[in-house]
Each structure stands twice: as C-alpha cells, then as structure tokens.
Amino acid sequence: SSAPGTAAVSTVDAATGSVHNVPLWRVQWTELPGYQNVLNVHVAHYTHMFQSIVHGPPPWLFGHLHLPGGSDNLTSEAYRLGDPDSRQTRWGTLMRISDYRQVEDDG
C-alpha cells in the first residue's frame with residue numbers, strides 16, 4: 001500500500017502471479033476491470049506516485065480503491081489503511097498504465 005508522499009513500484013511473482021507492493025490510488029469514484037480511462041493526475045502526492053511508476057520497469061501497475069470523500073479522507077482516522085475497524089473499501093481494481101503523456105501545468 002502507499003501513503004501520501006510515498007511511491008512504490010509493484011512487482012509480479014512469475015511463479016504465482018501474485019502482485020506485491022502495489023501503489024494505491026484512493027479516489028472518490030470507482031473503476032471497473034476491463035475498462036480504459038484517460039486520467040488527469042494533478043495532486044502532488046499522486047503525481048509523484050505515477051511518475052515513480054512510469055519511470056520504473058513495466059508492467060506499470062497500481063491499485064484503484066474507492067475512497068468516500070476522496071482526498072479529504074486520505075488522512076481521516078475513519079479511513080486509515082490497515083486498521084481492522086477502518087471504513088476504507090477493502091477491495092479494488094488492479095490497473096495497468098498502457099501509455100502516458102506529461103503536460104506542462106498551465107496555471
């Protein structure tokens with residue numbers, strides 16, 4: 001898992017197919033397996049996370065978790081990762097980055 005300000009590069013165990021050290025993107029909407037989406041990442045800690053992913057070896061993977069309230073709840077005790085009493089969603093979607101473009105900030 002990843003906390004704001006950290007970024008990890010995931011690894012895939014070829015023998016088992018298990019994915020380890022998956023960076024997590026916790027946002028206020030859901031994603032479904034099999035869909036493609038164009039994302040505009042502009043929040044600093046997620047920009048860092050995605051830059052770390054795409055500058056590492058492929059496959060470029062991250063976990064998408066629905067977080068009610070989005071970034072407002074990233075530091076909320078009620079949605080703390082790893083806490084057995086957390087209200088954080090405990091399942092999500094494994095996402096793969098197939099391409100990326102970095103654009104200059106316009107403002």
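**Close-up views of selected residues and strands**

View 1. At a relative accessibility of 2%, H64 counts as buried (under 20% relative accessible area; exposed is over 50% and partly exposed lies in between, with a 1.4 Å probe and protein chains only). The model is predicted, so local features need pLDDT of at least 70 and side-chain atom pairs pLDDT 80 or more, whereas totals for chains, interfaces and linings use all residues. Residues are numbered from 1 along each chain as its sequence is written, and side-chain values use heavy atoms, without hydrogens and water. H64 is part of strand β4 (helices, H or I of at least four residues, and strands, E of at least two, are DSSP runs numbered from the N terminus). Apart from neighbours within four places in sequence, H64 is in contact (heavy atoms within 4.5 Å) with W25, V27, W29, T30, E31, G92, T93 and M95. The side chain of H64 also reaches the backbone oxygen of W29, at 3.5 Å. This is a polar contact: N or O atoms within 3.5 Å, one able to donate a hydrogen and the other to accept it within protein, with sequence-adjacent residues counted only if both atoms are side-chain atoms.

**View 2. W91 and its distance to H64.** W91 sits in the loop between β4 and β5. Its relative accessibility is 66%, so W91 counts as exposed. The C-alpha atoms of W91 and H64 are separated by 8.7 Å, although the two residues are 27 residues apart along the chain. H64, by contrast, is buried.

**View 3. Strand β4 between its two partners.** β4 covers residues 61–66, and five of its six residues are buried, leaving the strand mostly covered. β3 and β4 run parallel and are joined by four bridges (strands pair if DSSP finds at least two bridges between them). In this pairing, R26 has L65 of β4 as its bridge partner. β4 also pairs with β5, in the antiparallel sense and over four bridges. Here the bridge partner of L61 is R96, in β5.

**View 4. The two faces of β5.** β5 covers residues 93–96, and its side chains alternate along the strand. T93 and M95 point to one face and are buried.

**View 5. The largest nonpolar core.** This core has 14 residues; a nonpolar core is a set of buried Ala, Val, Leu, Ile, Met, Phe, Trp, Tyr and Cys residues joined through side-chain atoms within 4.5 Å. W25, Y46, M49, F50, I53, F62 and I97 touch the most other members. The largest contribution comes from α1, with five residues. In soluble globular proteins, nonpolar side chains tend to be buried together.

**View 6. The surroundings of W25.** W25 is one of the core residues that touch the most other members. Leaving out neighbours within four places in sequence, the contacts of W25 are L39, Y46, M49, F50, F62, G63, H64 and L65. Y46, M49, F50 and F62 are likewise listed with W25 among the core residues that touch the most other members.

**View 7. N73 in the loop between β4 and β5.** N73 is located in the loop that links β4 and β5. With 18% relative accessibility, N73 counts as buried. Its side chain reaches the backbone oxygen of P68 at 2.6 Å. Beyond neighbours within four places in sequence, N73 is in contact with L67, P68 and Y79.

**View 8. The cis bond between P58 and P59.** P58 and P59 are joined by a cis peptide bond, with omega about 5°. P58 lies in the loop between α1 and β4, and P59 lies in that loop too. P58 is exposed, with a relative accessible area of 65%. The C-alpha atoms of P58 and W29, 29 residues apart along the chain, are separated by 25 Å.

**View 9. N21 and its backbone.** N21 is not a glycine, yet its phi is positive, at about 60°. The residue is in the loop between β2 (19–20) and β3. N21 has a relative accessibility of 43% and counts as partly exposed.
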